[in-house]
Amino acid sequence: MDRRRFAVGLFTLVVLVTATAWHMSAAPPKAVQIEWRKDIDEAHEQAVKEDKPMLLVFEAEWCRYCKQLHQRTLAHPQLAAHINRAFIPVKLDIDVPADKEVAEILEVK
């Protein structure tokens, strides 16, 4: 009985080690990233053509909340895939004069 238990334990260990090694050697899943547009006019044309809403995200280099939004929320692969599928995503920098004008028109603070 002890030999049988040892054999079963050894077999289980070999299976676990093999499965772990196989899993670790497999290529990691490709990270999905949002396909940001920078030009709001071109993005609008594409949104009309594809009959999709635009998702506007305003950011600034100095804005810590913007960085948190990108790192904690928008970096999530499932959310990124959904945004790419359902929207025309546009990222605008309020420190760029043309983008700042858009932010002012839309009353973005």
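Mentor: First the term: a salt bridge here is a side-chain nitrogen of Lys or Arg within 4 Å of a carboxyl oxygen of Asp or Glu. Keep in mind that this is a predicted model.

Trainee: Fine. How many salt bridges does a search of the whole structure find?
Mentor: The search finds two.

Trainee: Which residue does Glu61 pair with?
Mentor: Glu61 pairs with Lys67, and their closest N and O atoms are 3.5 Å apart. That counts as a salt bridge because the cut-off is 4 Å.

Trainee: Is Glu61 buried or exposed?
Mentor: Glu61 is exposed, at 61% relative accessibility. Lys67 is partly exposed, at 36%.

Trainee: And which residue forms a salt bridge with Glu50?
Mentor: Lys52 does, with the closest N and O atoms 3.4 Å apart.

Trainee: Why does Lys52 count as partly exposed?
Mentor: Its relative accessibility is 23%, and buried means under 20% while exposed means over 50%, so Lys52 falls in between. Glu50 is also in the partly exposed class, with a relative accessible area of 36%.

Trainee: Switching topic. Which residues make the nonpolar surface patch?
Mentor: Ile105, Leu106 and Val108 make the patch, which covers about 270 Å².

Trainee: Where does Ile105 lie?
Mentor: Ile105 is in helix 5, which spans residues 97-105.

Trainee: What relative accessible area does Ile105 have?
Mentor: Ile105 has 62% and is exposed.

How values were computed
Residues are numbered from 1 along each chain as its sequence is written. This is a predicted model: local features need pLDDT of at least 70, side-chain atom pairs count only at pLDDT 80 or more; totals for chains, interfaces and linings use all residues. Side-chain values use heavy atoms; hydrogens and water are left out. Patches are made of residues with over 30% relative accessible area and no salt bridge: like charges are joined within 9 Å, nonpolar side chains (Val, Leu, Ile, Met, Phe, Trp, Tyr) within 5 Å. Accessible areas come from the Shrake-Rupley method with a 1.4 Å probe; for residues, only the protein chains shown count as cover. Helices (H or I, at least four residues) and strands (E, at least two) are DSSP runs, numbered from the N terminus. Buried means under 20% relative accessible area, exposed over 50%, partly exposed in between (1.4 Å probe, protein chains only).
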